[in-house]
Amino acid sequence: MPLRRLLLVALLPIVLAQAACSADSPARPAATATAAAPRPSAVAPAAPAEPTDCGDVVLLQGGEVSAETTACFLDAVRDKRPAVLKVTRPTVEGDPIRYAYTALPDGRVEVVTDAREDGFGSGTMFRETCTGPAAGGAALTFATCSSPVRIG
């Protein structure tokens with residue numbers, strides 16, 4: 001249904017502009033085949049799909065992400081649909097570590113880890129790209145991940 005609305009919103013200005021131009025225009029002689037200009041396509045290009053929001057979960061010490069939340073994200077990865085899952089877990093000392101999981105169109109997952117508030121850890125933010133996500137641990141586990149790249 002959102003795609004239909006998007007197409008309607010994209011096409012409405014074209015239809016209104018054509019109606020306005022033809023309503024007040026004086027009658028014109030019929031155009032010959034050689035004088036007719038090609039009409040632009042009335043089909044709007046497909047807009048990128050809005051990512052599915054699988055949640056923003058804040059865990060307590062020892063907590064785990066629900067099976068429904070994990071399934072939302074893993075289903076999107078399997079179907080190669082964009083999705084986002086955010087998880088905040090406390091360290092042993094209670095400092096928050098934030099994870100942002102983003103499902104990419106090729107089935108990989110971008111993981112951004114924000115440990116800037118971890119008083120006893122790296123205090124940095126980094127990104128890695130992972131494959132083979134599965135439910136496990138407090139949130140997700142992966143078969144392979146690239147080397148982390150510091151981004152903050």
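Predicted model: local features only at pLDDT ≥ 70, side-chain atom pairs only at ≥ 80, totals over all residues.
**Disulfides**

The structure contains two disulfides. Counting the bonded cysteines along the chain, their pattern is 1-2, 3-4. The table sets out the two links.

| Disulfide | S to S distance | Torsion about the S-S bond | Handedness |
|---|---|---|---|
| C54 to C72 | 2.2 Å | about -75° | left-handed |
| C130 to C145 | 2.0 Å | 110° | right-handed |

The disulfide of C54 and C72 is left-handed because the torsion about its S-S bond is about -75°. C54 belongs to strand 1 (residues 52–58) and C72 to helix 2 (residues 67–78), so this pair ties together parts that lie 18 residues apart in sequence. Is C54 buried or exposed? With a relative accessible area of 8%, C54 is buried, because buried means a value under 20%. C72, by contrast, is partly exposed, at a relative accessible area of 24%.

The link between C130 and C145 is right-handed, with 110° about the S-S bond. This pair connects distant parts of the chain, 15 residues apart: C130 is found in strand 5 (residues 125–131) and C145 in strand 8 (residues 144–145). C130 counts as buried, at 1% relative accessibility, whereas C145 is partly exposed, with a relative accessible area of 37%.

**A positive phi at K80**

K80 is not a glycine, yet its phi is positive, at about 55°. Where does K80 lie? K80 is in the loop between helix 2 and strand 2 (83–90). The residue is partly exposed, with a relative accessible area of 49%.

**The largest nonpolar core**

In soluble globular proteins, nonpolar side chains tend to be buried together. In this model, the largest nonpolar core has 21 residues, of which F73, L85, V87 and Y101 touch the most other members. Two or more residues of this core come from each of strand 1, helix 2, strand 2, strand 3 (96–103), strand 4 (109–114) and strand 7 (139–141). Which strand gives the most to this core? Strand 3 does, with four residues.

When its neighbours within four places in sequence are left aside, Y101 is in contact with F73, A83, V84, L85, V87, V109, E110, V111, A139, L140 and F142.

Note on methods. Residues numbered from 1 in each chain as written. Heavy atoms only, no water. Disulfide = S-S within 2.5 Å. Buried < 20%, exposed > 50% of the residue type's maximum accessible area, 1.4 Å probe, protein only. Core = buried A, V, L, I, M, F, W, Y, C linked by side-chain atoms within 4.5 Å. Contact = heavy atoms within 4.5 Å.
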